[in-house]
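Visitor: Could you take me closely through the aromatic pairs and the helix contact around them?
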Amino acid sequence: MHRYAKLLLYGMLAFAVFAGISFTLGGRVNWALAAATAVGVMIAYFFAALRGEK
């Protein structure tokens with residue numbers, strides 16, 4: 001799979017998982033925190049993928 005497509009897939013997955021856990025535990029979703037978590041996961045995966053390309 002293309003590197004950027006996988007990056008977006010992991011971001012969407014992190015967003016969905018965070019939103020699901022947040023809703024299950026608290027009954028509501030903090031959308032800003034869910035988006036920040038997804039962006040953080042995408043940034044972390046991007047740098048991890050760069051490191052593994054050697």
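Guide: Rings of Phe, Tyr and Trp (for Trp the six-membered ring) are taken to pair if their centres lie within 6.5 Å, with planes under 30 degrees apart called stacked, over 60 edge-to-face and the rest tilted. By this rule there are three aromatic pairs. One of them joins Y10 and Y45, edge-to-face with 4.8 Å from centre to centre and 75 degrees between the planes. Because Y10 belongs to helix α1 and Y45 to helix α2, this pair ties together parts 35 residues apart in sequence. The model is predicted, with pLDDT of at least 70 needed for local features and 80 or more for side-chain atom pairs, while totals for chains, interfaces and linings use all residues. Numbering starts from 1 along each chain as its sequence is written, and side-chain values use heavy atoms, leaving out hydrogens and water.

Y10 is partly exposed at 33% relative accessible area (buried is under 20%, exposed over 50%, partly exposed in between, with a 1.4 Å probe and protein chains only), and Y45 is partly exposed at 24%. In a further pair, F46 and F47 have ring centres 5.4 Å apart and planes at 80 degrees, so this pair is edge-to-face; F46 is partly exposed at 25%, whereas F47, at 53%, is exposed.

Y10, Y45 and F46 are also among the residues through which α1 and α2 meet, contact being heavy atoms within 4.5 Å. The residues of that contact comprise 19 nonpolar, two polar and two charged (nonpolar being Ala, Val, Leu, Ile, Met, Phe, Trp, Tyr, Cys and Pro, charged Asp, Glu, Lys and Arg, and polar the others, Gly among them).

Key
Helix = DSSP H or I, 4+ residues; strand = E, 2+ residues; numbered from the N terminus.
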